[in-house]
Every structure is written in C-alpha cells, then in structure tokens.
Amino acid sequence: MGILDGRVVIVTGAGRGIGRAEALECARQGAAVVLAEFDPSPAYDVADEIIAAGGRAIVASGDVAETDFVDRVVASTVEEFGRLDALVNNAGILRTNELANMTDEEWDSVIRVHLRGHFVPTRAVCRYWRASGRPGRIVHTTSVAGLFGFYGQANYSAAKAGIAVLTATVASEMAQYGVTSNAIAPMALTRMTTDIVDDEHQAKNGEFLFLDADNVAPMVTYLCSADSGHISGKVFGVQGDSIEIFQPFTSAAEIKAGGRRWDPAELTDRVGELFEASGIPAGPENGVDKMRYKALG
Ligand SMILES: NC(=O)c1ccc[n+]([C@@H]2O[C@H](COP(=O)([O-])OP(=O)(O)OC[C@H]3O[C@@H](n4cnc5c(N)ncnc54)[C@H](O)[C@@H]3O)[C@@H](O)[C@H]2O)c1
C-alpha cells in the first residue's frame with residue numbers, strides 16, 4: 001500500500017534530478033506517472049525503471065511552455081489512465097549572469113520555461129478539474145532565489161518569485177473546486193547545481209547524503225496525496241532531512257499621514273520610522289544570509 005495507490009500524476013522535467021526522484025517516489029507510492037520532459041532519452045530511462053519495478057509510466061516528450069503539447073498531455077493522460085489527480089510543475093533551466101551583463105535571450109528563456117512552463121500546465125489541469133468535478137493537487141517548484149533573491153540570478157529569481165505568488169493565487173481561485181496549490185523550494189545536487197553546490201557538504205553528513213535529490217521527493221509525494229487536502233497556498237523549503245514552511249511577504253510596519261496626502265519632503269524624516277519599527281535594514285541585503293542551510297553560494 002502506498003499513499004498514491006490508484007492515483008495519476010504528471011511530473012514535468014521528470015527525466016533528471018529532482019523531477020526524476022519525484023516521478024520514481026510517486027510510482028513507488030502507487031501512482032501511474034506521466035513524465036513530461038523535453039529530453040526523451042533520460043525520460044524513457046525513468047519510465048523503464050518504473051515499469052521494471054511493476055509500476056505504470058508513460059513519456060510525453062516536449063516543451064512544457066507549449067500550450068498545444070501540454071493540452072495534449074493532459075488529454076492523453078485522462079484517456080490512458082481514466083483520471084488525473086496531481087500535477088508536479090518541476091521543469092526548469094538556469095542561465096546565470098549579473099543583470100548588467102544579462103542578454104535578452106537569457107532573460108526570456110528562463111522566464112519562459114519557469115513562469116510560462118508553470119502557467120500552461122496549471123491552466124490545463126485546472127480546466128480539467130473544474131470540468132470534471134474531481135479534486136486535484138498541484139505542486140509548483142519555486143526556489144530560495146525567488147524568496148530571498150540570489151546574486152547573478154535576476155531572471156531565475158524573478159521567475160521563481162512569480163511562481164511563489166502564482167501558488168497562492170491558484171490556491172485561492174481553485175479552492176472552490178477542491179484543488180490545492182502548494183510550492184516547494186528545494187535544494188539538491190543535480191545537473192543544475194553541480195557548479196555552485198559545495199560538494200564537501202555531502203561528505204560531512206556521512207551516510208545520509210543531505211543534498212540527494214531523492215530527499216526532496218517524499219514531501220512532494222505527500223502534497224500529491226489525498227491526505228494533504230487541507231493544505232493550500234503554502235511554500236515549503238525541502239532539502240536533506242529538513243522541511244520548512246516559509247512566511248509569505250507580510251506587512252511589518254506602517255506610518256500614516258493623518259487623513260491627508262503625504263508631502264514627499266516629510267518622508268525624508270518619517271520613512272526611517274518604518275525601519276526602526278520593523279528592524280528591517282534600509283540597504284540591500286544578501287538573500288543567501290537568510291537561508292537556514294548555506295550549501296549554495
Ligand atoms: N537543484 C536545486 O538545488 C534546486 C534549487 C531550487 C530550485 N530548483 C528547481 O527544481 C527544479 C528541478 O531542477 P533540477 O535541479 O532537478 O534540474 P535538472 O537540470 O537536473 O532537471 C531539469 C529537467 O527539466 C527538463 N526541462 C527543462 N526545460 C524543459 C521544458 N521546457 N519542458 C520540459 N522539460 C524541461 C530538463 O530536460 C531536465 O531533465 C527546477 O525548477 C529548478 O529551478 C532546484
């Protein structure tokens with residue numbers, strides 16, 4: 001018995017890294033898995049592994065930011081397995097460069113794959129669940145870069161911040177249909193992070209490989225299950241043996257002009273009250289300093 005017995009899950013970017021681990025764990029927990037992946041070769045390897053272990057998997061090879069492809073994936077999932085229970089939006093790319101050096105292509109490609117690549121599959125499954133009356137689960141993939149900012153990743157952090165807020169908006173719109181929308185901010189040693197992850201972090205933890213992508217999969221699997229129906233609109237940090245919950249942007253202090261419009265010159269004296277009351281520094285902060293685990297950077 002697994003927590004996803006009889007359920008059907010689509011995982012995007014399931015050929016490698018975190019998506020691969022999520023697809024394998026969902027299958028181990030009893031789900032039929034649709035691997036929506038740009039690169040067919042690793043996706044077929046994952047499907048073979050699932051089928052060899054007695055599970056059910058199919059590969060859909062294409063770009064998750066393409067509406068026609070994604071709509072076909074959702075329709076053929078329902079045709080093949082008779083239902084759809086969960087979507088894991090995971091596919092992503094990285095194009096690191098300081099903003100002043102960043103090309104239009106680096107900006108556009110990252111925004112497209114992450115933000116449009118979350119929007120298009122999310123819209124397709126929301127339409128299916130709204131029309132079918134079935135409950136659903138969506139797990140999005142943001143990043144600490146999107147919550148705190150990350151030097152050299154303006155494109156990626158902007159896309160990931162968009163995904164964190166998309167998570168909350170979809171949660172509020174789809175609650176009436178029994179659909180939940182949550183996000184993870186994972187950390188794992190994958191193709192995406194081999195250049196920036198501190199390898200020694202792995203060795204220090206002895207037998208338990210803290211940054212193994214497999215460690216991200218259990219929370220995602222739980223969020224795809226019937227058991228997590230009361231949780232929606234939340235962002236969870238997931239890495240190693242740790243699961244955190246992040247506080248969304250919250251108003252921390254307020255100043256008021258007293259029933260009239262502010263004069264800009266007054267603000268020279270008064271804006272400091274916001275920083276004093278909240279304890280927030282006025283200058284730029286390094287997002288990396290806010291991370292509980294500093295395996296990157
Ligand atoms: N690895 C980390 O520490 C880390 C940290 C924060 C967030 N993330 C996020 O986790 C997700 C997975 O990252 P990963 O580290 O496993 O990366 P990865 O490069 O190992 O795997 C990403 C997979 O997505 C696929 N993909 C890329 N663009 C696609 C598209 N348009 N359509 C379909 N498939 C596509 C790739 O072919 C690849 O198989 C990403 O969204 C990433 O931003 C990862």
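Which backbone atom lies 3.1 Å from a nitrogen atom of the ligand? In this predicted model, for which local features need pLDDT of at least 70 and side-chain atom pairs count only at pLDDT 80 or more, totals for chains, interfaces and linings use all residues. Residues are numbered from 1 along each chain as its sequence is written, and side-chain values use heavy atoms, with hydrogens and water left out.

The atom in question is a backbone N or O atom of Phe38, placed 3.1 Å from a ligand nitrogen. Such a pair is a polar contact, defined as two N or O atoms within 3.5 Å; within protein, one must be able to donate a hydrogen and the other to accept it, and residues adjacent in sequence count only if both atoms are side-chain atoms. Side chains contribute as well: a polar side-chain atom of Tyr156 lies 2.6 Å from an oxygen atom of the ligand, and a polar side-chain atom of Arg191 lies 3.3 Å from an oxygen atom of the ligand. The ligand taken alone exposes 840 Å², of which the protein buries 96%; accessible areas come from the Shrake-Rupley method with a 1.4 Å probe, and for residues only the protein chains shown count as cover.

Helices (H or I, at least four residues) and strands (E, at least two) are DSSP runs, numbered from the N terminus.

An unreviewed UniProt entry lists residues 7-190 as "domain: Ketoreductase". UniProt positions are given in the numbering used here, feature names are shortened, and annotations may be inferred rather than shown by experiment. In the model, the span 7-190 is 52% helix and 18% strand, and its end C-alpha atoms lie 27 Å apart.

Side chains of opposite charge can pair when their charged atoms come close. The count of salt bridges, each a side-chain nitrogen of Lys or Arg within 4 Å of a carboxyl oxygen of Asp or Glu, comes to 10. In one of them, Arg16 pairs with Asp39, with the closest N and O atoms 2.4 Å apart. This pair links distant parts of the chain, 23 residues apart: Arg16 lies in the loop between β1 (8-12) and α1 (17-28), and Asp39 in the loop between β2 (32-37) and α2 (40-52). Arg16 is partly exposed, with a relative accessible area of 28%, and Asp39 is also partly exposed at 28%; buried means under 20% relative accessible area, exposed over 50%, and partly exposed in between (1.4 Å probe, protein chains only).

A salt bridge also joins Arg83 to Asp85, with 2.8 Å between the closest N and O atoms. Arg83 is partly exposed at 26% relative accessibility, whereas Asp85 is buried at 3%. Asp85 is found in the loop between α3 (67-81) and β4 (86-88). The C-alpha atoms of Asp85 and Val179 are separated by 9.4 Å, although the two residues are 94 residues apart along the chain. In a further salt bridge, between Arg260 and Glu266, the closest N and O atoms are 2.7 Å apart. Arg260 is partly exposed at 46%, as is Glu266 at 22%.

Ser143, in the loop between β5 (136-141) and α5 (144-148), is buried with a relative accessible area of 9%, and its side chain reaches the backbone nitrogen of Ala145 at 3.0 Å. Arg134 occupies the loop between α4 and β5 and is partly exposed at 27%. Pro218, in helix α8 (residues 217-223), is partly exposed with a relative accessible area of 44%. Pro218 and Ile51 are 167 residues apart in sequence and 20 Å apart in space, C-alpha to C-alpha.
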